[in-house]
Amino acid sequence: MGVALEAAVDAARAGDIPVGAVVLNAAGEVVGVGRNTRVHVPDPTGHAEVLAIRQAAEALDDRVLADCTLVVTLEPCVMCAGAILAARLPRVIFGAWDEKAGAVGSVYDLLRDGRLPHAVPEVVAGVRANEATALLRAFFAERR
């Protein structure tokens, strides 16, 4: 989560919402890192999770990340939950809950929707949530 939090800080410095993500392989090595770039690039799909998943798939030369773990500072949205399912990630760890657009347990729970044809990933929520929440609050407080 430390690497993801560093990426979130980088996103904030670039003027984007401070969300960072990292993909770890089975050995716990970083194979993908992403930070929000929606404003900076501009790209509506420039979410930290999507970028980390893309980088990991390229690094591993495989679209299926079956032995990997995604760690992200904020609960993934609907788009990112879809990317997680498409990549067949078996584990997702996140920090802060997203009570407005979260899709992994708060507003929606797409990863654990039994109607989907994918295996249900393990989800661990609240890891270093206070730090992730503090980054988000500080970012939005500066813009008010």
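These legends go with close-up views of a predicted model. Residues are numbered from 1 along each chain as its sequence is written, and side-chain values use heavy atoms, without hydrogens or water. Local features need pLDDT of at least 70 and side-chain atom pairs count only at pLDDT 80 or more, while totals for chains, interfaces and linings use all residues.

**View 1. The largest nonpolar core has 33 residues.** Such a core is a set of buried Ala, Val, Leu, Ile, Met, Phe, Trp, Tyr and Cys residues joined through side-chain atoms within 4.5 Å. Look for Val 23, Ile 53, Leu 65 and Leu 70, which are among the residues touching the most other members. Helix H2 (48-60) is one of the elements that supply at least two residues, and H2 gives the most, with five. Helices (H or I, at least four residues) are DSSP runs, numbered from the N terminus.

**View 2. Here are the neighbours of Ile 84.** Leaving aside residues up to four places away in sequence, Ile 84 touches Ile 53, Leu 70, Pro 76, Leu 89, Val 92 and Leu 111. Contact means heavy atoms within 4.5 Å.

**View 3. Phe 94 and Trp 97 form an edge-to-face pair.** Rings of Phe, Tyr and Trp (its six-membered ring) pair if their centres lie within 6.5 Å, and planes over 60 degrees apart count as edge-to-face. These two rings have centres 5.0 Å apart and planes at 90°. Phe 94 is buried (under 20% relative accessible area), at 0%. Trp 97, at 42%, is partly exposed, a class that lies between buried and exposed (over 50%), using a 1.4 Å probe and protein chains only.

Technical notes: Rings of Phe, Tyr and Trp (its six-membered ring) pair if their centres lie within 6.5 Å; planes under 30 degrees apart count as stacked, over 60 as edge-to-face and the rest as tilted.
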